[in-house]
Structures are given as C-alpha cells and as structure tokens.
Amino acid sequence: MSVNQTDAGYLAAQNQVSSRAHGGTGRKLRERAIEFVLFLCALSSVAITLGIVWVLLYESWHFFANVSLIDFLTDTQWTVLFENPHYGIMPLVTGTLVTSGIALLVALPLGTTIAIYLSEYAGVNAREVLKPILELLSAVPTVVFGYFALLFITPLLQSLLPNLPGFNMLSAGIVIGIMIIPYVSSLSEDAIRAVPVHIREGSYAMGATRLQTSLRVLVPAAFSGIASAYVLGFSRAVGETMVVALAAGTQPNLTLNPLEGAATITAYIVQVSLGDLPHGSVAYQSIFAAGLTLMCITLIFNIGGYLLRKRFREIY
Amino acid sequence: MEQSSQANFSKAVSRNKNRDKLFAVLGLLATFIGMLTLAALLGDLAMDGLARLKPHFFTSFPSRFPGQAGILSAWVGTTLVMTVTALTAVPMGIAAGVYLEEYAQKNWLTAIIEINIANLAGVPSIVYGLMALGLFVYQFGFGQSILSAGLTLALLILPIVIVATREAIRAVPASMREAAYALGATKWQTTSDHVLPYSLGGILTGVIIALSRAIGETAPLITIGALTFIAFLPDAPIKAEFPFISFEWLWSPFSVMPIQMFNWVSRPQHEFHLNAAATGLVLMVMTLVMNGIAIYCRYRFRKRIKW
C-alpha cells in the first residue's frame, strides 16, 4: 500500500494497522501457510484414489503371480477356500450382474416415472414433501435392507413361488432396486427440470398433453442427464454388499436364474473377511482381485454411459 | 367425411387426455411404492424388535443366549469410531471445499481434483474397505482397530462433506467478500470471519447427512476386520489419574451396531433375529433423526438468509 498523504493522523493509524497485522511479510507468510494447508486437504482426495488403485493393483499383482489370468477368466468354479482351489471369477460376475440386472429392472422404470411425475405433474408443495421422504430410502443403512430382504421379502415371494429357496437373487435384486430409486429419480428429475422452458412451451402450444411432452420432448432432451442417473444407479447396485450377502447367500453359483441363490463379488469379499485369513495368502489376495474386477465392471459401464451421453447429447 | 375426421380427432384428444391422467396416477403410485417400502420396513422392525428394546439391551454384551444379549460393545464402538471419523472428515472436508471454492486457480491440477471427487462418489464402499485393509491395517500398521475403522469411514464420507461445503460457500454472494476486502481483510480473514459463518447452515446439513451415512456403513468395516462377537469395552478415554486422558482406545479391536445386526441376522435361530430387529430399529431411529435434523437445518437456514 503506498502512502502519499501527509496527514499525520492517517499515517499513525496506518502504522497501527500494519503493526497489528504483524507487519506485511508475517501476514503474507501466514496467508501462504494457510493456503498450503487447505491445498493439502484438497489434494488428499486424489491420494485416496491413488491409494485405492495402488492397493488393488499391488495385491492383485501378487494374486496373478499364483493364478493365471486365463484360469481367472475362463474357469467356471470359484472355490478359493477349498482343498483343491479353482479361481474362476465367472460365477461371482454372473451373480453380481443378475442381482444388479433385477435391481435395474425395478429402479429404472419406477425411478424415471417418479422423476417425470415430480417434475411435470406434482405441485410445488407435493414435491417439497415427497422428495425428502423418498430420499430417506437411500439413507437407510444397507444392513437393515438386508434384514428386510431376507426376513420380509423372501417369505413374501415364497408364498407366491413355493419352491423359492431361502437364499435367492430375486429378493436381493428387488430390494436393491427399491434402494437405488432415489439415486435414479433425483438425478433424472434434475435433468428433466433443466430442459429450457421454451421447449416445453413449444410442445404444449402444439396441443400435446403433459405425458406426450414428457415422453417425446423432455426425456429425449434430458437423455444425457438421465443416462448418468442410470449409470450411477448401476454403480450403486453393483457395489451393494450387505443386501446380497444376507439375502442371496455366499455360495458361488454359475447361473443366470434369479430364483437360485448365488454369491456376488461383494458377498465373497465379506465372506472371506469374516474369517481369519493369514495376511499374504492367496485367499487374502483373491479379495483384492475380486475388488479389482468390481472396479473394472463399474468402469466399463461408466465409459459406456459416457459414450452414450456424448452420442445423444443435446445442447441448447 | 368432414364429420368423421373430426370425430376421429376428438377421440384421439380424449384418448391422449386419458393417458395423461393415467400417468398421473401411475406416478403417484410409483412414489408410494417407495414410501410403502419404508413403512413396511419400519413396521416389520418394530413388530419384531420393539419387545427387546429394554434398558438391559443397551447395557449387556452380546451373548450365546439371545434373551440376555445386548448391544453395549456395539454402541460404544459406533460412538468411538464416529468420533474418529467426524474429527478427521469434517475439518479436512471443509478445508478442501474452502480451497476449491475460494483459493484454487483454474488449472489442470484443480480440474483433476474436481473430476476425482466426482468419481469417488461412484466407488463402491467395500472398495474403500479393501484400500483400508491394505494401507491402514497392514502398511501403516494401525491393525484392526478403532483408528483404522474411523479413518476408513472418514475417507468414505470425505467427498460428501467437500461437495456440501462447496455448494454452501457458492451460495454466499460475491458482494460479501468484496465488502470484506474493501476494509482491508486478507483472504483468510474474509473466509474465516465471513464466508464460513454465512455458509455454516449448508455445511452443517451436509456433515450430518454424511455422518448418518457413516453410522449405517457395514461392508468396509467387515473388510478391515471388525469383530462380530466382542465382550469387552475399549480402554476408557478419560482416566482418574494423571494425565487424565488416554488414547489407548484408538488401538482397541471393535464392533459397531450394523455389524452386530449383521451377525444376528445371519444366525439361523429366530430369537437372534428379534435382537437384529431391535438393533435395526435403533439404527433406523438414529438415521431418521439425523436426516430430520438435516432437513430442518436446510429449511431454516434457507428461510432466514436474505441477502
């Protein structure tokens, strides 16, 4: 700060101010130090990602030193804890895909319908009440949903399908589907509401009903946002652990039949972690290989979603 | 000819109008399916578990006899783990949010940090558990302890806290900052004396929601080796003799309420399922209360602030 005034009082005040701030350099140094600390905190999020990637790759590297990648991808049995172990990831992958598939069959139609309803049909008051209640669904601890799937939904399904076993992928999938509805509906609703009003009005001016406007104008226009909602919902379903570990069982089973029980990748990780495995054994390393597979599945679908969004992106 | 096409047209109009109304009903129905599930969930838990919720349920250790078992070690574990989580994730998350909103320049490093935070939200929670198992438990040697568990959950909720902080800070108008700068305040003085206090409501909402998520999280803690049956309490943090405070409990093995519930659900005996329902009821009440507080906070701060 340059001082040109000759006013003595002003100068005195100025001196007082700068001495209270411990002089210019001290003040600057403190500001710098604070900024640096804040920066480190922001950088820690990158460290988390690096930590995840490093641990998964490092332990999987050791795993694949013992197990060939071809066996891992082609063997049809996953019996790591047995006397004569087989390391074929396929049964766990099918279990994961079947439960997530059922979850999506439940969540996508319901979530999209709710999104259209809340954004185009419901009044402001109804939305203010309905939305927070719906979002509570994603706040419920997943182990509680697991309890609900095993001890409420499964008996309910068994009264319809008498031959249904106690552990089955159907009930786990349905419950995960209901659980991820808020993820799908919230993001889709945001996307639909973000479509400019004049596009909506153009459709209404042509005499379209709210339903026609929603399905033929708004949903296509908001498709990029809706697709990311779907991808997020899928990521949640694939990574869901407690519901499948409790309701779908922990027996690896190479099947696409949702009426059977089957372990998923996440359920396997939980099952192994509950036991007391020696650090460094192949079984210990196998949960990291399973985790890496899980991340790869999520990544593939995220990239697919990204390409889909790019292809159908509407810019106003 | 003219008349029949007009009749066709009005038929089409009324058909479309009917479909429109039908969809309104369908939308309401879909919304109610979600709520119905929530109600069935609570009702089911209450029917099975309410009878078990007596004082001794909170003051007893788990036991082979379902009637005598309680959640003492579980709720003490949850309290201690959440203390570590909150003390780590809240300051770090707020600091990171402040940095990204107030300090960060637009460059590639900032872009990487931002993309990274968005991606972390999609990482399954069990993968955080695997990372913590490899890093905290073995690499850093923290063992299967309360410290490891608290840090794991802290990393899990860090992105939620950061995103909430950024949104709250963004809502503070630039004129507030400019007024502070005009009076000669430094960047940090402006941030800590003005921007942060004004955005506290929004940050608080995000922090409560993040912590409520951490309380119910089970999978990552099983992965790092939480015990499912534990009949002792960690070392007390406050001592009668000098120096009065002890941090021994950080290294103690632990269990938390969701894991206790998981253990009881996975047993075949019906009696244990009742215990699980009671634990689930406690968890649900805690989650609902925390979310209720968060919604109330958001509502109040939104109403009070008029720039």
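## Domains of chain B

In this predicted model, the centres of domain 1 and domain 2 of chain B, taken over C-alpha atoms, are separated by 39 Å. The domain assignment places domain 1 of chain B at residues 2–50 and domain 2 at residues 54–304. Where they meet, domain 1 of chain B supplies 6 residues and domain 2 of chain B supplies 7 residues. On the domain 1 side of this contact, 4 residues are nonpolar, 1 is polar and 1 is charged.

## Domains of chain A

For chain A, the assignment gives domain 1 as residues 8–66 and domain 2 as residues 90–312. The C-alpha centres of these two domains of chain A lie 38 Å apart. Their contact draws 7 residues from domain 1 of chain A and 8 residues from domain 2 of chain A. The side of domain 1 of chain A that touches domain 2 of chain A comprises 3 nonpolar, 3 polar and 1 charged residues.

## Interface between the chains

The two chains meet through 71 residues of chain B and 70 residues of chain A. On the side of chain B that touches chain A, the most is given by helix α1 of chain B (residues 2–49), with 19 residues. By residue class, this side of chain B divides into 45 nonpolar, 21 polar and 5 charged.

## A helix pair across the chains

From α6(A), the contact involves Val143(A), Gly146(A), Tyr147(A) and Leu150(A), while α10(B) contributes Pro258(B), Met261(B), Phe262(B) and Val265(B). The residues of this contact divide into 7 nonpolar and 1 polar, with no charged residue.

## A helix pair within chain A

Helix α12 of chain A (residues 265–274) packs against helix α13 of chain A (residues 282–312) at an angle of about 155°, with the axes 9 Å apart. Since angles over 145 degrees count as roughly antiparallel, α12(A) and α13(A) are roughly antiparallel to each other. The crossing of α12(A) and α13(A) is left-handed.

On the α12(A) side, the residues are Ile265(A), Thr266(A), Tyr268(A), Ile269(A), Val272(A) and Ser273(A). These meet Ala283(A), Ile287(A), Ala290(A), Gly291(A), Thr293(A) and Leu294(A) in α13(A). The contact of α12(A) with α13(A) is made up of 8 nonpolar and 4 polar residues, with no charged residue.

Ile71(B) belongs to the loop between α2 (55–59) and α3 (72–103) of chain B. Within 10 Å of the C-beta atom of Ile71(B) there are 27 other C-beta atoms. A residue is buried if this count is 20 or more, so Ile71(B) is buried.

Residues up to four places away in sequence aside, Ile71(B) touches Phe57(B), Phe58(B), Met257(B), Gln260(B) and Thr279(B). The C-alpha atom of Ile71(B) is separated by 23 Å from that of Gly129(B), and these two residues are 58 residues apart along the chain.

Methods
Residues are numbered from 1 along each chain as its sequence is written. Chains are lettered from A and ligands numbered from 1 in the order in which they are written. This is a predicted model: local features need pLDDT of at least 70, side-chain atom pairs count only at pLDDT 80 or more; totals for chains, interfaces and linings use all residues. Helices (H or I, at least four residues) and strands (E, at least two) are DSSP runs, numbered from the N terminus. A residue is buried if 20 or more other C-beta atoms lie within 10 Å of its own, exposed if 12 or fewer, and partly exposed in between; C-beta atoms are placed from the backbone. Ala, Val, Leu, Ile, Met, Phe, Trp, Tyr, Cys and Pro count as nonpolar, Asp, Glu, Lys and Arg as charged, and the others, Gly among them, as polar. Domain bounds come from an automatic or database domain assignment. Axes are lines fitted to C-alpha atoms, for helices over the stretch in contact, and angles run from 0 to 180 degrees between N-to-C directions. Angles under 35 degrees count as roughly parallel, over 145 as roughly antiparallel, 65 to 115 as roughly perpendicular and the rest as oblique. A crossing is left-handed if the near helix is turned anticlockwise from the far one by less than a right angle, and right-handed if clockwise.
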